[in-house]
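Dear colleague,

I am handing over the structure below, and my notes on one strand and on the ligand site follow it.

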Amino acid sequence: MTDPRPTVYVETYGCQMNVSDSELMLGKLAAHGYDAVDHPDGADVILVNTCAIREHAETRVIGRLGELRRNMKPGAIVGVTGCMAQRLGPVLLEKAKHVSLVIGPDGYRALPALIDGARRGQRASATTFDLEEHYEDFQPRRFDNVKAWIPVQRGCDYRCTYCIVPTTRGPERSRKLADVVRETETVVAEGMSEVVLLGQTVNSYHDGESDFADLLRAVGAVPGVRRLRFTSPHPNDFSTRVIAAMATVDAVCEHVHLPMQSGSTKILKRMLRRYTREGYVECVDRLRSAIPGLSVTTDIIVGFPGETDEDFEETLSVVRAVGFSEGFTFKFSPRDGTPATRMPAELTVPDEVASERLATLVATMRAHSRVENMGLLGRRCEVLVEKEARRGGDLVQTRTRDFKTVLVPGDASMIGQYLNVELTGTTGSTFTGQIVSERRPLPMAG
Ligand code: SAH
Ligand code: SF4
Ligand code: F3S
(Lines give C-alpha, C1' and ligand atoms only; values in the text may rest on other atoms or scores of the structure.)
(Ligands and ions follow the chains in the order given, each with its own letter.)
Protein backbone atom coordinates (compact mmCIF):
# COMPACT_ATOMS: atom_id res chain seq x y z
CA MET A 1 0.00 0.00 0.00
CA THR A 2 1.31 3.47 -0.79
CA ASP A 3 1.38 6.12 1.93
CA PRO A 4 -1.46 8.63 1.74
CA ARG A 5 -0.44 12.07 0.49
CA PRO A 6 0.98 14.22 3.30
CA THR A 7 -1.19 17.14 4.42
CA VAL A 8 -0.28 20.77 5.02
CA TYR A 9 -2.11 23.47 6.92
CA VAL A 10 -1.19 27.15 6.51
CA GLU A 11 -2.37 29.84 8.89
CA THR A 12 -1.90 33.42 7.72
CA TYR A 13 -1.42 36.64 9.67
CA GLY A 14 -0.74 40.18 8.45
CA CYS A 15 -1.34 41.89 5.15
CA GLN A 16 -2.51 40.74 1.70
CA MET A 17 1.10 40.23 0.70
CA ASN A 18 1.25 37.48 3.28
CA VAL A 19 -2.04 36.01 2.04
CA SER A 20 -0.57 35.97 -1.44
CA ASP A 21 2.63 34.34 -0.14
CA SER A 22 0.57 31.65 1.60
CA GLU A 23 -1.14 30.97 -1.73
CA LEU A 24 2.28 30.58 -3.34
CA MET A 25 3.52 28.23 -0.59
CA LEU A 26 0.44 26.05 -0.86
CA GLY A 27 0.83 25.96 -4.62
CA LYS A 28 4.44 24.91 -4.32
CA LEU A 29 3.64 22.18 -1.80
CA ALA A 30 0.66 20.93 -3.85
CA ALA A 31 3.07 20.50 -6.76
CA HIS A 32 5.22 18.39 -4.43
CA GLY A 33 2.40 16.04 -3.51
CA TYR A 34 0.89 17.71 -0.46
CA ASP A 35 -2.83 18.08 0.14
CA ALA A 36 -3.96 21.34 1.74
CA VAL A 37 -6.20 20.98 4.78
CA ASP A 38 -8.11 23.71 6.56
CA HIS A 39 -7.46 22.58 10.11
CA PRO A 40 -4.17 22.09 12.00
CA ASP A 41 -5.22 19.00 14.00
CA GLY A 42 -3.98 15.97 12.16
CA ALA A 43 -1.93 17.92 9.58
CA ASP A 44 1.54 16.55 8.80
CA VAL A 45 2.94 20.01 8.22
CA ILE A 46 1.77 23.21 9.92
CA LEU A 47 2.99 26.54 8.61
CA VAL A 48 2.30 29.77 10.46
CA ASN A 49 2.83 32.69 8.09
CA THR A 50 3.52 35.59 10.40
CA CYS A 51 3.41 39.38 10.61
CA ALA A 52 5.76 41.61 12.59
CA ILE A 53 4.20 45.01 12.01
CA ARG A 54 3.18 45.63 15.62
CA GLU A 55 4.13 43.91 18.85
CA HIS A 56 0.60 42.59 19.21
CA ALA A 57 0.89 40.76 15.87
CA GLU A 58 3.88 38.85 17.24
CA THR A 59 2.46 38.07 20.69
CA ARG A 60 -0.58 36.55 19.00
CA VAL A 61 1.67 34.23 17.02
CA ILE A 62 3.65 33.20 20.10
CA GLY A 63 0.38 32.31 21.83
CA ARG A 64 -0.82 30.45 18.79
CA LEU A 65 2.40 28.43 18.52
CA GLY A 66 1.87 27.27 22.11
CA GLU A 67 -1.69 26.22 21.30
CA LEU A 68 -0.56 24.32 18.22
CA ARG A 69 2.10 22.48 20.21
CA ARG A 70 -0.54 21.17 22.60
CA ASN A 71 -2.92 20.01 19.87
CA MET A 72 -0.78 18.94 16.94
CA LYS A 73 -0.38 15.36 15.88
CA PRO A 74 2.81 13.72 17.18
CA GLY A 75 5.63 14.10 14.68
CA ALA A 76 4.00 16.98 12.81
CA ILE A 77 6.45 19.48 11.32
CA VAL A 78 5.88 23.08 12.42
CA GLY A 79 7.31 25.93 10.36
CA VAL A 80 7.19 29.66 10.99
CA THR A 81 7.31 31.74 7.82
CA GLY A 82 6.86 35.39 6.87
CA CYS A 83 7.93 38.63 8.50
CA MET A 84 8.38 37.51 12.11
CA ALA A 85 10.43 34.54 10.89
CA GLN A 86 12.64 36.91 8.94
CA ARG A 87 12.98 39.26 11.90
CA LEU A 88 13.84 36.63 14.52
CA GLY A 89 15.51 33.92 12.45
CA PRO A 90 17.35 31.25 14.50
CA VAL A 91 16.23 32.88 17.78
CA LEU A 92 12.80 31.41 17.10
CA LEU A 93 14.30 27.92 16.85
CA GLU A 94 15.84 28.39 20.28
CA LYS A 95 12.69 29.78 21.82
CA ALA A 96 10.23 27.26 20.42
CA LYS A 97 11.61 23.75 20.44
CA HIS A 98 8.67 22.31 18.54
CA VAL A 99 9.37 24.62 15.60
CA SER A 100 11.65 22.97 13.01
CA LEU A 101 11.65 25.58 10.28
CA VAL A 102 11.98 29.35 10.20
CA ILE A 103 11.67 30.71 6.67
CA GLY A 104 11.63 34.35 5.58
CA PRO A 105 9.60 35.77 2.66
CA ASP A 106 12.29 35.07 0.03
CA GLY A 107 12.90 31.46 1.09
CA TYR A 108 9.75 29.61 0.02
CA ARG A 109 11.34 27.93 -2.98
CA ALA A 110 13.25 25.70 -0.54
CA LEU A 111 10.11 24.71 1.42
CA PRO A 112 9.76 21.12 0.14
CA ALA A 113 13.46 20.39 0.70
CA LEU A 114 13.44 22.01 4.13
CA ILE A 115 10.37 20.01 5.15
CA ASP A 116 12.09 16.81 3.98
CA GLY A 117 15.09 17.78 6.11
CA ALA A 118 12.84 18.44 9.10
CA ARG A 119 11.39 14.94 8.69
CA ARG A 120 14.92 13.65 9.13
CA GLY A 121 15.24 15.69 12.32
CA GLN A 122 16.99 18.75 10.94
CA ARG A 123 16.01 22.20 12.13
CA ALA A 124 16.71 25.12 9.83
CA SER A 125 16.44 28.86 9.52
CA ALA A 126 16.39 30.33 5.98
CA THR A 127 16.32 34.11 6.00
CA THR A 128 18.52 35.27 3.14
CA PHE A 129 16.99 37.87 0.85
CA ASP A 130 16.92 36.96 -2.83
CA LEU A 131 16.40 40.02 -4.96
CA GLU A 132 15.60 37.94 -8.05
CA GLU A 133 12.90 35.91 -6.34
CA HIS A 134 9.35 36.46 -7.59
CA TYR A 135 8.28 32.79 -7.55
CA GLU A 136 7.42 33.07 -11.24
CA ASP A 137 7.13 29.33 -11.80
CA PHE A 138 4.90 28.70 -8.76
CA GLN A 139 1.21 28.12 -9.34
CA PRO A 140 -0.56 29.74 -6.40
CA ARG A 141 -3.38 27.84 -4.79
CA ARG A 142 -5.84 30.68 -4.23
CA PHE A 143 -8.09 30.99 -1.18
CA ASP A 144 -10.43 33.41 -2.89
CA ASN A 145 -12.19 32.61 -6.14
CA VAL A 146 -13.68 36.04 -6.81
CA LYS A 147 -10.71 38.36 -6.60
CA ALA A 148 -7.09 37.50 -7.25
CA TRP A 149 -4.23 38.97 -5.24
CA ILE A 150 -1.36 39.53 -7.64
CA PRO A 151 1.97 40.61 -6.17
CA VAL A 152 3.76 43.03 -8.51
CA GLN A 153 6.51 44.20 -6.20
CA ARG A 154 8.31 42.75 -3.18
CA GLY A 155 10.16 44.61 -0.42
CA CYS A 156 10.26 48.32 0.31
CA ASP A 157 12.82 51.08 -0.28
CA TYR A 158 11.16 53.67 1.94
CA ARG A 159 12.48 53.90 5.47
CA CYS A 160 9.56 55.13 7.53
CA THR A 161 11.10 55.36 10.97
CA TYR A 162 8.42 53.29 12.73
CA CYS A 163 8.33 50.47 10.21
CA ILE A 164 9.80 46.96 10.34
CA VAL A 165 8.83 46.01 6.76
CA PRO A 166 12.11 47.05 5.04
CA THR A 167 13.89 44.74 7.53
CA THR A 168 11.50 41.83 7.06
CA ARG A 169 11.00 42.04 3.31
CA GLY A 170 14.22 43.59 2.07
CA PRO A 171 14.78 45.98 -0.81
CA GLU A 172 12.08 46.85 -3.33
CA ARG A 173 11.98 44.94 -6.60
CA SER A 174 9.30 44.70 -9.29
CA ARG A 175 8.09 41.77 -11.34
CA LYS A 176 8.24 42.05 -15.09
CA LEU A 177 5.11 43.54 -16.60
CA ALA A 178 4.72 40.59 -18.95
CA ASP A 179 4.71 38.18 -15.98
CA VAL A 180 2.00 40.17 -14.21
CA VAL A 181 -0.08 40.21 -17.40
CA ARG A 182 0.38 36.46 -17.83
CA GLU A 183 -0.81 35.82 -14.28
CA THR A 184 -3.79 38.11 -14.88
CA GLU A 185 -4.73 36.12 -17.98
CA THR A 186 -4.51 32.92 -15.96
CA VAL A 187 -6.83 34.14 -13.20
CA VAL A 188 -9.35 35.41 -15.74
CA ALA A 189 -9.28 32.01 -17.43
CA GLU A 190 -10.01 30.52 -13.98
CA GLY A 191 -13.15 32.66 -13.81
CA MET A 192 -12.05 35.67 -11.76
CA SER A 193 -12.85 39.18 -12.94
CA GLU A 194 -11.28 41.28 -10.18
CA VAL A 195 -7.56 41.62 -9.61
CA VAL A 196 -5.75 43.42 -6.80
CA LEU A 197 -2.14 44.38 -7.51
CA LEU A 198 0.01 44.18 -4.41
CA GLY A 199 3.13 46.00 -3.27
CA GLN A 200 4.25 47.93 -0.19
CA THR A 201 4.45 51.12 -2.27
CA VAL A 202 2.77 49.61 -5.27
CA ASN A 203 2.67 52.76 -7.41
CA SER A 204 6.47 53.02 -7.32
CA TYR A 205 6.41 49.84 -9.45
CA HIS A 206 9.07 49.92 -12.16
CA ASP A 207 10.42 46.85 -13.91
CA GLY A 208 13.23 48.71 -15.69
CA GLU A 209 11.07 49.49 -18.72
CA SER A 210 7.52 50.00 -17.55
CA ASP A 211 6.09 52.03 -14.68
CA PHE A 212 2.88 51.63 -12.71
CA ALA A 213 0.90 53.61 -15.31
CA ASP A 214 1.96 51.11 -17.99
CA LEU A 215 1.10 48.26 -15.66
CA LEU A 216 -2.41 49.56 -14.97
CA ARG A 217 -3.01 49.96 -18.69
CA ALA A 218 -1.68 46.51 -19.51
CA VAL A 219 -3.58 44.67 -16.78
CA GLY A 220 -6.73 46.70 -17.44
CA ALA A 221 -6.53 45.68 -21.10
CA VAL A 222 -6.65 41.95 -20.35
CA PRO A 223 -10.07 40.81 -21.63
CA GLY A 224 -12.29 39.79 -18.74
CA VAL A 225 -10.74 42.07 -16.10
CA ARG A 226 -13.68 44.05 -14.90
CA ARG A 227 -12.34 45.41 -11.63
CA LEU A 228 -8.76 46.48 -11.02
CA ARG A 229 -7.53 47.57 -7.59
CA PHE A 230 -4.12 48.02 -5.99
CA THR A 231 -2.74 48.34 -2.47
CA SER A 232 -0.97 50.23 -0.96
CA PRO A 233 0.18 53.26 -2.91
CA HIS A 234 2.47 55.92 -1.45
CA PRO A 235 1.42 59.58 -1.91
CA ASN A 236 4.82 60.48 -3.40
CA ASP A 237 4.51 57.95 -6.21
CA PHE A 238 1.29 59.25 -7.74
CA SER A 239 2.81 60.71 -10.88
CA THR A 240 0.60 62.50 -13.39
CA ARG A 241 1.03 59.46 -15.63
CA VAL A 242 -0.27 57.09 -12.96
CA ILE A 243 -3.28 59.27 -12.17
CA ALA A 244 -4.07 59.59 -15.89
CA ALA A 245 -3.95 55.80 -16.24
CA MET A 246 -6.28 55.39 -13.28
CA ALA A 247 -8.70 57.86 -14.81
CA THR A 248 -8.74 56.29 -18.26
CA VAL A 249 -8.55 52.55 -17.61
CA ASP A 250 -12.19 51.51 -17.19
CA ALA A 251 -11.46 48.58 -14.90
CA VAL A 252 -9.64 50.72 -12.30
CA CYS A 253 -12.08 51.09 -9.43
CA GLU A 254 -13.06 54.40 -7.86
CA HIS A 255 -11.28 53.71 -4.61
CA VAL A 256 -7.81 54.32 -3.31
CA HIS A 257 -6.33 53.23 0.01
CA LEU A 258 -3.83 55.98 0.74
CA PRO A 259 -2.07 55.67 4.11
CA MET A 260 -1.64 59.11 5.68
CA GLN A 261 -0.14 58.09 9.07
CA SER A 262 -0.38 61.59 10.54
CA GLY A 263 -1.78 65.02 9.68
CA SER A 264 1.05 66.90 11.37
CA THR A 265 3.95 67.90 9.14
CA LYS A 266 6.29 67.77 12.13
CA ILE A 267 5.33 64.17 12.89
CA LEU A 268 5.35 63.17 9.20
CA LYS A 269 8.89 64.47 9.02
CA ARG A 270 9.91 62.50 12.08
CA MET A 271 8.25 59.44 10.51
CA LEU A 272 10.27 60.09 7.34
CA ARG A 273 7.10 59.84 5.26
CA ARG A 274 8.60 62.36 2.81
CA TYR A 275 5.44 64.48 2.39
CA THR A 276 3.81 67.27 4.36
CA ARG A 277 0.23 67.65 5.54
CA GLU A 278 -0.41 69.90 2.53
CA GLY A 279 1.31 67.48 0.18
CA TYR A 280 -0.97 64.66 1.29
CA VAL A 281 -4.13 66.77 0.90
CA GLU A 282 -2.94 67.93 -2.52
CA CYS A 283 -2.42 64.32 -3.57
CA VAL A 284 -6.00 63.47 -2.58
CA ASP A 285 -7.24 66.54 -4.48
CA ARG A 286 -5.37 65.53 -7.64
CA LEU A 287 -6.81 62.04 -7.44
CA ARG A 288 -10.33 63.26 -6.76
CA SER A 289 -10.35 65.76 -9.58
CA ALA A 290 -9.18 63.10 -12.04
CA ILE A 291 -11.49 60.34 -10.84
CA PRO A 292 -15.06 61.40 -10.07
CA GLY A 293 -16.66 59.54 -7.18
CA LEU A 294 -13.33 58.33 -5.80
CA SER A 295 -13.53 57.04 -2.25
CA VAL A 296 -10.43 57.36 -0.12
CA THR A 297 -9.50 55.16 2.83
CA THR A 298 -6.41 55.46 4.98
CA ASP A 299 -4.11 54.22 7.77
CA ILE A 300 -3.23 56.45 10.71
CA ILE A 301 -0.83 55.94 13.62
CA VAL A 302 -1.40 57.77 16.91
CA GLY A 303 1.10 58.20 19.73
CA PHE A 304 4.20 58.41 17.57
CA PRO A 305 7.14 59.81 19.63
CA GLY A 306 6.77 63.54 20.14
CA GLU A 307 3.11 63.70 19.07
CA THR A 308 1.57 66.55 21.07
CA ASP A 309 -2.11 67.38 21.51
CA GLU A 310 -1.64 70.01 18.79
CA ASP A 311 -0.15 67.45 16.40
CA PHE A 312 -3.04 65.13 17.07
CA GLU A 313 -5.49 68.00 16.46
CA GLU A 314 -3.84 68.47 13.09
CA THR A 315 -4.49 64.83 12.30
CA LEU A 316 -8.14 65.25 13.27
CA SER A 317 -8.47 68.35 11.13
CA VAL A 318 -7.13 66.59 8.01
CA VAL A 319 -9.40 63.65 8.75
CA ARG A 320 -12.38 66.01 8.82
CA ALA A 321 -11.23 67.94 5.74
CA VAL A 322 -10.52 64.90 3.56
CA GLY A 323 -13.51 62.84 4.63
CA PHE A 324 -12.12 59.31 4.56
CA SER A 325 -14.66 56.62 3.77
CA GLU A 326 -12.89 54.32 6.20
CA GLY A 327 -9.74 54.37 8.28
CA PHE A 328 -7.48 51.81 9.90
CA THR A 329 -6.08 53.31 13.07
CA PHE A 330 -3.17 52.06 15.13
CA LYS A 331 -1.36 52.93 18.31
CA PHE A 332 2.35 53.35 17.63
CA SER A 333 4.17 50.14 18.51
CA PRO A 334 7.96 50.39 18.86
CA ARG A 335 9.72 47.79 16.71
CA ASP A 336 13.24 46.67 17.59
CA GLY A 337 15.90 48.13 15.36
CA THR A 338 13.72 50.82 13.77
CA PRO A 339 14.89 54.46 14.05
CA ALA A 340 11.80 55.43 16.06
CA THR A 341 13.06 53.34 18.98
CA ARG A 342 16.17 55.51 19.16
CA MET A 343 14.27 58.75 19.61
CA PRO A 344 14.70 60.49 22.99
CA ALA A 345 12.74 58.77 25.77
CA GLU A 346 11.06 62.03 26.78
CA LEU A 347 9.24 62.02 23.43
CA THR A 348 7.39 58.80 24.33
CA VAL A 349 3.63 59.30 24.40
CA PRO A 350 2.09 57.63 27.48
CA ASP A 351 -0.13 54.68 26.64
CA GLU A 352 -3.24 56.26 28.23
CA VAL A 353 -2.79 59.34 26.03
CA ALA A 354 -2.37 57.19 22.91
CA SER A 355 -5.47 55.16 23.81
CA GLU A 356 -7.51 58.30 24.30
CA ARG A 357 -6.37 59.70 20.95
CA LEU A 358 -7.15 56.43 19.25
CA ALA A 359 -10.70 56.48 20.63
CA THR A 360 -11.21 60.10 19.53
CA LEU A 361 -9.86 59.36 16.08
CA VAL A 362 -12.03 56.27 15.63
CA ALA A 363 -15.12 58.22 16.73
CA THR A 364 -14.30 61.08 14.33
CA MET A 365 -13.85 58.70 11.42
CA ARG A 366 -17.00 56.75 12.21
CA ALA A 367 -19.04 59.94 12.45
CA HIS A 368 -17.89 60.91 8.98
CA SER A 369 -18.56 57.48 7.45
CA ARG A 370 -22.03 57.46 8.97
CA VAL A 371 -22.93 60.81 7.40
CA GLU A 372 -21.37 59.81 4.06
CA ASN A 373 -23.16 56.48 4.03
CA MET A 374 -26.55 57.86 5.10
CA GLY A 375 -26.25 60.21 2.14
CA LEU A 376 -25.87 57.26 -0.21
CA LEU A 377 -29.15 55.56 0.74
CA GLY A 378 -31.43 55.17 -2.25
CA ARG A 379 -28.50 55.08 -4.69
CA ARG A 380 -28.20 52.32 -7.24
CA CYS A 381 -24.88 50.72 -7.93
CA GLU A 382 -23.15 47.68 -9.31
CA VAL A 383 -21.85 45.18 -6.79
CA LEU A 384 -19.79 42.03 -7.06
CA VAL A 385 -20.88 39.10 -4.86
CA GLU A 386 -17.85 38.05 -2.77
CA LYS A 387 -19.10 35.44 -0.31
CA GLU A 388 -21.90 34.36 1.97
CA ALA A 389 -22.45 36.92 4.72
CA ARG A 390 -20.76 35.98 7.96
CA ARG A 391 -23.91 36.40 9.96
CA GLY A 392 -25.33 33.58 7.86
CA GLY A 393 -28.96 33.23 6.87
CA ASP A 394 -29.78 34.09 3.32
CA LEU A 395 -27.50 37.03 2.70
CA VAL A 396 -24.42 37.45 0.57
CA GLN A 397 -21.65 39.97 1.07
CA THR A 398 -21.02 42.12 -1.97
CA ARG A 399 -18.84 45.10 -2.78
CA THR A 400 -19.29 48.27 -4.79
CA ARG A 401 -16.54 49.57 -7.06
CA ASP A 402 -15.81 52.22 -4.45
CA PHE A 403 -15.28 49.54 -1.80
CA LYS A 404 -18.48 49.70 0.23
CA THR A 405 -19.76 46.46 1.69
CA VAL A 406 -23.41 45.70 0.85
CA LEU A 407 -25.35 42.75 2.24
CA VAL A 408 -27.88 41.51 -0.27
CA PRO A 409 -30.41 38.63 -0.15
CA GLY A 410 -28.92 35.63 -1.93
CA ASP A 411 -26.97 32.41 -1.63
CA ALA A 412 -23.60 30.89 -2.45
CA SER A 413 -24.59 30.20 -6.05
CA MET A 414 -24.34 33.95 -6.70
CA ILE A 415 -20.68 34.27 -5.71
CA GLY A 416 -18.71 35.93 -8.50
CA GLN A 417 -21.78 37.54 -10.11
CA TYR A 418 -22.34 41.22 -10.69
CA LEU A 419 -25.67 42.65 -9.55
CA ASN A 420 -27.40 45.98 -9.67
CA VAL A 421 -28.60 46.93 -6.23
CA GLU A 422 -30.30 49.78 -4.49
CA LEU A 423 -28.77 50.78 -1.14
CA THR A 424 -31.68 50.48 1.30
CA GLY A 425 -30.09 50.62 4.76
CA THR A 426 -26.83 51.27 6.56
CA THR A 427 -25.35 50.48 9.95
CA GLY A 428 -23.15 53.52 9.40
CA SER A 429 -20.32 51.42 8.05
CA THR A 430 -21.90 48.69 5.93
CA PHE A 431 -25.05 48.65 3.81
CA THR A 432 -28.00 46.45 3.10
CA GLY A 433 -29.31 46.44 -0.44
CA GLN A 434 -32.01 45.07 -2.68
CA ILE A 435 -31.38 43.63 -6.11
CA VAL A 436 -32.73 45.84 -8.85
CA SER A 437 -31.85 43.73 -11.86
CA GLU A 438 -29.26 41.05 -12.36
CA ARG A 439 -26.37 41.59 -14.66
CA ARG A 440 -24.51 38.87 -16.42
CA PRO A 441 -20.71 38.88 -16.26
CA LEU A 442 -19.24 40.55 -19.32
CA PRO A 443 -18.40 38.20 -22.17
CA MET A 444 -14.74 37.21 -22.24
CA ALA A 445 -14.03 39.38 -25.25
CA GLY A 446 -14.92 42.25 -22.96
N1 SAH B 1 3.40 49.78 2.89
C2 SAH B 1 2.24 50.35 3.41
C3 SAH B 1 1.97 50.04 4.87
C4 SAH B 1 2.22 48.67 5.36
S5 SAH B 1 2.02 48.45 7.07
C6 SAH B 1 2.37 51.83 3.28
O7 SAH B 1 3.45 52.38 3.37
O8 SAH B 1 1.37 52.45 3.14
C9 SAH B 1 0.31 48.84 7.31
C10 SAH B 1 0.07 49.94 8.30
O11 SAH B 1 0.51 49.55 9.59
C12 SAH B 1 0.82 51.22 8.04
O13 SAH B 1 0.19 52.01 7.07
C14 SAH B 1 0.84 51.87 9.39
O15 SAH B 1 -0.29 52.69 9.58
C16 SAH B 1 0.79 50.70 10.34
N17 SAH B 1 2.07 50.52 11.03
C18 SAH B 1 3.26 50.20 10.49
N19 SAH B 1 4.23 50.14 11.43
C20 SAH B 1 3.63 50.43 12.61
C21 SAH B 1 4.10 50.55 13.97
N22 SAH B 1 5.37 50.35 14.29
N23 SAH B 1 3.19 50.85 14.94
C24 SAH B 1 1.89 51.06 14.60
N25 SAH B 1 1.41 50.97 13.36
C26 SAH B 1 2.25 50.67 12.37
FE1 SF4 C 1 6.79 50.56 5.91
FE2 SF4 C 1 6.97 52.99 4.96
FE3 SF4 C 1 7.69 50.93 3.44
FE4 SF4 C 1 5.13 51.32 3.99
S5 SF4 C 1 6.45 52.71 2.82
S6 SF4 C 1 6.23 49.39 4.11
S7 SF4 C 1 5.18 52.13 6.06
S8 SF4 C 1 8.71 51.63 5.30
FE1 F3S D 1 2.98 42.27 8.47
FE2 F3S D 1 4.95 41.68 6.89
FE3 F3S D 1 2.66 42.46 5.88
S4 F3S D 1 5.11 42.75 8.79
S5 F3S D 1 1.88 43.83 7.42
S6 F3S D 1 2.98 40.62 7.01
S7 F3S D 1 4.68 42.91 5.08
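Strand E7 (residues 147-151) is mostly covered, with 5 of its 5 residues buried (under 20% relative accessible area, with a 1.4 Å probe and protein chains only; strands are DSSP runs of at least two residues, numbered from the N terminus). This is a predicted model, in which local features need pLDDT of at least 70 and side-chain atom pairs count only at pLDDT 80 or more, while totals for chains, interfaces and linings use all residues. Residues are numbered from 1 along each chain as its sequence is written, chains are lettered from A and ligands numbered from 1 in the order in which they are written, and side-chain values use heavy atoms, leaving out hydrogens and water.

Lys147, Trp149 and Pro151 point one way from E7, whereas Ala148 and Ile150 point the other way, and all are buried. E7 pairs with strand E10 (residues 194-198) in the parallel sense over 5 bridges (pairing requires at least two DSSP bridges), and Pro151 stands opposite Leu198 in E10.

Of the 15 residues around ligand 1, Gln200, Pro259, Gln261, Asp299 and Ser333 come nearest (a residue counts if one of its heavy atoms lies within 4 Å). An oxygen atom of ligand 1 is 3.1 Å from an N or O atom in the side chain of Arg54, and a polar side-chain atom of Asp299 lies 2.7 Å from an oxygen atom of the ligand (polar contacts are pairs of N or O atoms within 3.5 Å). The protein covers 90% of the 550 Å² of accessible area that ligand 1 has on its own (Shrake-Rupley method, 1.4 Å probe).

Best regards

How values were computed: Buried means under 20% relative accessible area, exposed over 50%, partly exposed in between (1.4 Å probe, protein chains only). Helices (H or I, at least four residues) and strands (E, at least two) are DSSP runs, numbered from the N terminus. A polar contact is a pair of N or O atoms within 3.5 Å; within protein, one must be able to donate a hydrogen and the other to accept it, and residues adjacent in sequence count only if both atoms are side-chain atoms.
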